[in-house]
Amino acid sequence: MRIAATRPADVAREVEDLLRAGHRAFVVVPIDHGGMLDQERLGAARYAAGLHSSVELEAEAPTALAMAR
């Protein structure tokens, strides 16, 4: 399931709700290009999901500038 909540507490709450619904794989949508906020959100998701779930940060599509390099 894709998680797009912006605050770490909201991310954890959404993961907990989805866990109760039976989901075990989560992808956190980046909002800070993998920066500190995304890392905090990812940590909150991992903590809420527990050891038996898969949690990862979604890979961002390369921008036109990055592709031109």
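These legends go with a set of close-up views of a predicted model.

View 1. Start with the overall layout: the chain holds three helices and three strands. Followed from the N terminus, the elements run β-α-β-α-β-α. The chain has 69 residues, and 29% of them are buried. Its accessible surface comes to about 4700 Å², with 57% of that belonging to carbon and sulfur atoms. If you look at contacts with a separation of 6 or more, 59% are between residues 24 or more positions apart.

**View 2. The open sheet, strand by strand.** Here the three strands line up in the order β1-β2-β3, with parallel pairing. The edges are β1 (2-3) and β3 (54-57), and each of these pairs on one side only. In general, strands of a sheet pair through backbone hydrogen bonds, either parallel or antiparallel.

**View 3. Zooming in on β2 and β3.** Strand β2 covers residues 25-28 and is joined to β3 by four bridges. The two strands run parallel. Which residue of β3 is the bridge partner of Val27? That would be Glu56.

**View 4. Helix α2 over the sheet.** Helix α2 takes in residues 36-49 and lies across β1, β2 and β3. Relative to β3, the helix runs at about 175°.

**View 5. Arg41, a buried arginine in helix α2.** Arg41 sits in helix α2. Is this residue buried or exposed? Arg41 has a relative accessible area of 0%, so it counts as buried, the cut-off being under 20%. Its side chain makes a polar contact with the side chain of Asp38, at 2.9 Å. Beyond its neighbours within four places in sequence, Arg41 is in contact with a list of residues that includes Ile3, Ala4, Ala5, Thr6, Pro8 and Val11. Also among them are Val28, Val29, Pro30 and Ile31.

View 6. His33, though, has a positive phi, near 55°. His33 has 66% relative accessibility, so it counts as exposed, which takes over 50%.

Methods. Residues numbered from 1 in each chain as written. Predicted model: local features only at pLDDT ≥ 70, side-chain atom pairs only at ≥ 80, totals over all residues. Heavy atoms only, no water. Pairing = 2+ DSSP bridges. Contact = heavy atoms within 4.5 Å. Axes fitted to C-alpha atoms, helices over the stretch in contact; angles between N-to-C directions. Buried < 20%, exposed > 50% of the residue type's maximum accessible area, 1.4 Å probe, protein only. Areas by Shrake-Rupley, 256 points an atom, 1.4 Å probe, with all protein chains shown as cover. Polar contact = N/O pair within 3.5 Å; in protein donor to acceptor, adjacent residues only side chain to side chain.
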